[in-house]
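Good morning, and thank you for coming. Please look at the structure on the screen while I go through a few of its features.

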Amino acid sequence: MTTQTKPSAPATGLAGLKQNWPTELLSGFLVSLIALPLCLGIAGASNFPPIMGVLTAIVGGVVVAFFAGSEPTIKGPAAGLIVIVAGAVDELGRGNMDLGWKLTLGVIVVAGVLQIGLGLLKVAKLADFFPLAAVHGMLAAIGLIIMSKQLHLAVGIAPSELKGKEPLELMEMVPHSLLHMEWHVALIGFVSLVILFGMPTIKNKTVKKIPPALVVLVVSILMGLGLHLTEIHDYDKIKPLVNPGEFRLNLNAVFDGVSGDLLPIFLKYLAMFTLIGSLESLLTGKAIDLLDPEKRKSNLSKDLTAVGIGNVVSGLLGGLPMISEVARSSANLTNGGRTRWANFFHGLFLLLFVVLLVPVIKLVPVAALAAMLISVGYRLANPKEFRHMYHIGKEQLIVFVATILVTLATDLLIGIAAGILVKLLIELALGLPAKYMFRPDMQLENKGDQYRLTVRGAAVFTNYLAIKKQLDAIPVGKKVTVDLEHARYVDHTVMDNLHNYEMDYKRSGGEFGVINIKKHRPLSAHPLAARRKKDLEPQRAQA
């Protein structure tokens, strides 16, 4: 008699390799084909030698895979950190790109050490603190910043003309660049964009399985050869083809930024690498858990430690900061990857590519890589994001747009801080009692296997960690109810977090529900919109 009603979760470790190696090998190979051009492009846009982007992904695969707390995620460089890395190289190097690169490596190494510590202290839960609208606004701003520079490179504008210009200045330059494009380069950029944006709209199942980035890589190399880009030397300061640099495992990091007049700059970018990199990686881990067909829950603190280890190794050798990257991780799941061995094989294949295919990499047009980054930037700043925020609530759109505008005008740290501040001001205006801003009034009751958490005053992003701490103290497999009847205001971040918590708790075999929320007035028709209760009686604080 068999009881096989549900496929068992894939084995881990060497048993997982033995059980799943054919699918992991194939998925790792397919993901490596996506990763290769993106890693080159991300590194080049970050003012790093392009080959060091591939080195980062190699470390993320062959090293970090053994420490990760998430099975299906792919580790490597991320477009979301381009803005920070390029800024660090410019400011620390003060015009000397090679020195700026090496000093930035020192920041990456120290940030990696901090991430190891944060993971060991199990602070991954802090990702729940940040309001979702501000996080999405930060990512959209990053997308706009990426596009603001890469569009010029895609049409053949010399990098020297873009040096030192802020995102808003680069946006103002777009009409000028389009009028003064170099047609050989621009043609490759245009065809690459058509492929990247056009292929996903094709319904054919066979076409769907082909990575658009791989098609761009092949087509752009052939076009470059046809247009004789390798033979043209009279472009005015334009580098039409990638100069990947040398793949050598040397210790390149320099730590001179920890003292002297560079220290303020060092500390600024240390905070950015640690905060933004960790946040992006943790959010990716949570997103991939939702996509994982095995419904496994990642150990995000362990995964953050693994990313920190990867950043220490990558930074010492000359690579970029890495995260759990969402696009490659989702592609891994789509390709059938089930364990960390897919990440390992993806790194191994990339190592083979840089050892065997450097002559081919040197034929890749810069315009093709710029087009790939434009498509990545567009996904981050997709107009649908604006509509989505408006659908959740007008107050979410205000926070989202405020974060974008301040980030474009200043930097990422100030931008996300501004988003948080705007969110708090809006919530205070909508009735959030200030005394409950960071410490909710809660009471947990237990009757046998039934637990009831009553939240009074407010349930908002600033006090959600306290709410989650109470929930996490409840054993698995119980019946849990969260009563929000006496909460004057419940924000969207808490609604979303409770929704995700409900799914996780139900997977563990328990029951979870939020009650008395219908007595509040939602700020939009979205099921997870913020809710406000105007006519609540004065609350009694708990002793």
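Strand 3 (residues 441–447) and strand 4 (residues 450–459) run antiparallel and are joined by seven bridges; two strands pair if DSSP finds at least two bridges between them. Helices (H or I, at least four residues) and strands (E, at least two) are DSSP runs, numbered from the N terminus. This is a predicted model, in which local features need pLDDT of at least 70 and side-chain atom pairs count only at pLDDT 80 or more, while totals for chains, interfaces and linings use all residues. Residues are numbered from 1 along each chain as its sequence is written, and side-chain values use heavy atoms, with hydrogens and water left out.

Within this hairpin, two residues lie between the strands, and Gly 448 in the turn has a positive phi of about 65°. Lys 447 stands opposite Gln 450 in strand 4.

I turn to the aromatic residues. The structure holds 13 aromatic pairs, where rings of Phe, Tyr and Trp (its six-membered ring) pair if their centres lie within 6.5 Å; planes under 30 degrees apart count as stacked, over 60 as edge-to-face and the rest as tilted. Trp 341 and Phe 344 are edge-to-face, because their ring centres are 5.5 Å apart and their planes stand at 80°. Trp 341 counts as buried at 10% relative accessibility, buried meaning under 20% relative accessible area, exposed over 50%, partly exposed in between (1.4 Å probe, protein chains only). Phe 344 is also buried, at 17%.
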